[in-house]
Amino acid sequence: MELDPTRAKWVQISAEIERRIGAGVYPAGSKLPGILALCAEFGVAQVTARKALADLRERGLIRTENGIGSFVADGAN
């Protein structure tokens, strides 16, 4: 996915992950790619990937377990 330079990168990443959750690419309970994998896929810094995940977490779409990773929240699909 190529990011639009006129929009905040974290917003676009958050929207793409949300789209993937809705499409069933990441079903409820599944583990999301880690920060480094997201950075590599989208070509962004860790702070940007973290902000995208924080947005998804605040909206209840994912949950994060410290030291383990982020998972799609139950009922998010």
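**Pocket, helices and hairpin**

User: Which residues line the largest pocket?

Analyst: On a 1 Å grid over the protein atoms alone, a pocket is an open set of points where a 1.4 Å probe fits, with protein on both sides within 12 Å along at least five of seven lines. Lining residues have an atom within 4 Å of a point. By that rule the lining of the largest pocket consists of Leu32, Pro33, Gly34, Ile35, Arg50, Leu53, Ala54, Arg57, Thr64, Gly69 and Ser70.

User: What is the volume of the largest pocket?

Analyst: The model is predicted: local features need pLDDT of at least 70 and side-chain atom pairs count only at pLDDT 80 or more, while totals for chains, interfaces and linings use all residues. Residues are numbered from 1 along each chain as its sequence is written, and side-chain values use heavy atoms, leaving out hydrogens and water. Grid points are joined across faces, edges and corners, and a volume is the space filled by probe spheres set on the points. For the largest pocket that volume is about 150 Å³.

User: Which element supplies the largest share of the lining of the largest pocket?

Analyst: Helices (H or I, at least four residues) and strands (E, at least two) are DSSP runs, numbered from the N terminus. By class, the lining has 5 nonpolar, 4 polar and 2 charged residues, where Ala, Val, Leu, Ile, Met, Phe, Trp, Tyr, Cys and Pro count as nonpolar, Asp, Glu, Lys and Arg as charged, and the others, Gly among them, as polar. At least two lining residues come from each of α3 and β2. The largest share, 4 residues, comes from α3.

User: Is Thr48 buried or exposed?

Analyst: Thr48 sits in helix α3 (residues 46-58). Leaving aside residues up to four places away in sequence, Thr48 touches Lys9, Trp10 and Ile13, contact being heavy atoms within 4.5 Å. Buried means under 20% relative accessible area, exposed over 50%, and partly exposed in between (1.4 Å probe, protein chains only). Because its relative accessibility is 18%, Thr48 is buried.

User: What do the buried residues of α1 pack against?

Analyst: In α1, the buried residues are Gln12, Ile13, Ser14, Glu16, Ile17, Arg20 and Ile21. An α-helix has 3.6 residues a turn, so residues three or four places apart point the same way. The buried residues of α1 pack against α2 (35-42), α3, β1 and β2.

User: How many Å apart are the end C-alpha atoms of α3?

Analyst: The expected span of a helix is 1.5 Å times one less than its number of residues. With 13 residues, α3 should span 18 Å. The end C-alpha atoms agree with this, being separated by 18 Å.

User: Which residue in the turn between β1 and β2 has a positive phi?

Analyst: Strand β1 (residues 62-65) runs antiparallel to β2 and is joined to it by 4 bridges; two strands pair if DSSP finds at least two bridges between them. Glu65 stands opposite Gly69 in β2. The two strands form a hairpin with 3 residues between them, and the residue in the turn with a positive phi, about 80°, is Gly67.

User: Which residues of β2 point the other way from Gly69 and Phe71?

Analyst: In a regular strand the side chains alternate between the two faces of the sheet. In β2 (residues 69-72), Gly69 and Phe71 point one way, and all of the residues are buried. Pointing the other way are Ser70 and Val72.
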